[in-house]
Amino acid sequence: MPSLSENLRLLRKGAGLTQKQLASRCRMATITIRQYESGKREPRSPQLARLADALGVSAAELLLGTDVDYADHGRLSHDRKERLDAYQRALLPKGERLSADLLIMGEILVEIMREKEDVPFAQPGVFQGPYPSGAPAICASAAARLGCGTALIGCVGADDFGQFVTERLQADGVDCRCIQQDGGASTGCAFVTYSHDGSRKFIFHMGAAAHAAAPASEQLGPVRFMHIMGCSLTAGEQLAQGILDTMHALLRSGTKISFDPNIRKELLDSDDTQEIFRDVLAHASILLPGREELLFLTGKEDIETAVQQCFENPALEVLVLKDGARGCSLYTRNPAPENPDAASSAVTETFIRAYPVTQVDPTGAGDCFDGAFLAGLIQGKTPEEAARMGSAAGALNAMAFGPMEGDLSAKKIDRFLAR
């Protein structure tokens, strides 16, 4: 009996489609189709249904072959029955739906950090940790601690690290029902070393973090915002495709998309990765880049022109340009003037200074900014009030050693805002 990869390749060629054409029909990256056909990856139930629909066959025919009598399950081997059942199983128990004010999907890690500055990885020395980490997890923790109903989709290994970080997220109030355990991979780890000038170096072992799978679209309930991070889109093809699938499913029900493209230039060198970023950018209502990221993503040489280009996207409502310890610039779209002939600039800019604190560890400050900013919007704050919440959260997080260890709470934020 042919494999799924063989069936997919034969059916695609029979339909006269290239891999790129099939990817376009299914709203997938071309590399995803290549990996399905090579057997390196297998699609979950939502992707299987989209592939079958694009090829004009049933999911069972795509999975098991077109020469099988599907009415006679007795002819199928036990393994194939189990395989078919596994693809039709959803991530959540039957009858449950995932609803949240804020939904995030991405990598969950533990972080292991040098105790002192200027100790390179190639030199023996002391590390501290593990600390709960992963940009999506840090953001989710910050939002939940500020009272925002937050859910996280991710994957950890069936090990002590996975248990440790999951229990921490649960204690912070994050809905962890869609954090899976992968018995075949270890929980992701990030090793960090610091320099006296504030720069950092990372060594990532993504492990189970890249294996996160999204729930079936019918199990997604009302979600106000979905937050996506660029690091998650480059952590693994399966994770990236799951994020895109979830994003498009939620867009159909009115969810707004927030995007922080926190990524290095060298990781955007493939056409497939750039295609994924363009897809997310085209649907983002909230954009939270750094200065270099904004210039790189737009291909512009100055901030003003780059911002103008971003607001050519009709979906974009707010852009927050983060600039570390200096603060951030908030850009909001102006309403259309009642008089079409009246002069009106496209956006309004507001600069918000960072709160001065004694910095201990900047890791995770930007992710905490995102979580607090989105929590503020969800709680009815204006974009400027929400940006000040984000600035306070980033400052509080930078005062503690560890990417998720800042003393964040609604009361602490209020004290900063009152200064």
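# How the terms apply to this model

Q: Why does D118 count as partly exposed?
A: Buried means under 20% relative accessible area, exposed means over 50%, and partly exposed lies in between (1.4 Å probe, protein chains only). D118 has 43% relative accessibility, so it counts as partly exposed. The residue is found in the loop between β2 (109-114) and β3.

This is a predicted model, in which local features need pLDDT of at least 70 and side-chain atom pairs count only at pLDDT 80 or more, while totals for chains, interfaces and linings use all residues. Residues are numbered from 1 along each chain as its sequence is written, and side-chain values use heavy atoms, with hydrogens and water left out.

Q: What is the phi of D118?
A: Phi of D118 is near 60°, a positive value in a residue other than glycine. Most residues other than glycine have a negative phi, and most peptide bonds are trans. R27 also has a positive phi, about 55°, although it is not a glycine. R27 is found in the loop between α2 (19-26) and α3 (30-38), and its 34% relative accessibility makes it partly exposed.

Q: What kind of peptide bond joins G129 and P130?
A: The bond between G129 and P130 is cis, with omega about 5°. P130 lies in strand β3 (residues 127-133).

Q: What do the names of helices and strands rest on?
A: Helices (H or I, at least four residues) and strands (E, at least two) are DSSP runs, numbered from the N terminus. The protein chain has 16 helices and 13 strands.

Q: How do you know what span to expect for α15?
A: The expected span of a helix is 1.5 Å times one less than its number of residues. For the 16 residues of α15 (383-398), that gives 22 Å, and the helix reaches 22 Å from its first C-alpha to its last, close to the expected value.

Q: Why is α15 called largely enclosed by the rest of the structure?
A: Twelve of its 16 residues are buried, so α15 is largely enclosed. Among them are A386, M389, L396 and N397. The buried residues of α15 pack against β12 (327-333), β13 (347-353), α14 (365-378) and α16 (410-417).

Q: Why does D370 count as buried?
A: D370 has 0% relative accessibility, so it counts as buried. It lies in helix α14. A contact means heavy atoms within 4.5 Å, and, not counting residues up to four places away in sequence, D370 touches C139, H227, M229, D260, L288 and K322.

Q: What makes β4 and β5 a pair?
A: Two strands pair if DSSP finds at least two bridges between them. Strand β4 (residues 150-157) and strand β5 (residues 179-182) have four bridges, in the parallel sense. The chain crosses from β4 through helix α8 (residues 160-171) to β5, and this β-α-β crossover is right-handed. That word applies if, with the strands pointing away from the viewer, the path from the first strand over the helix to the second runs clockwise.
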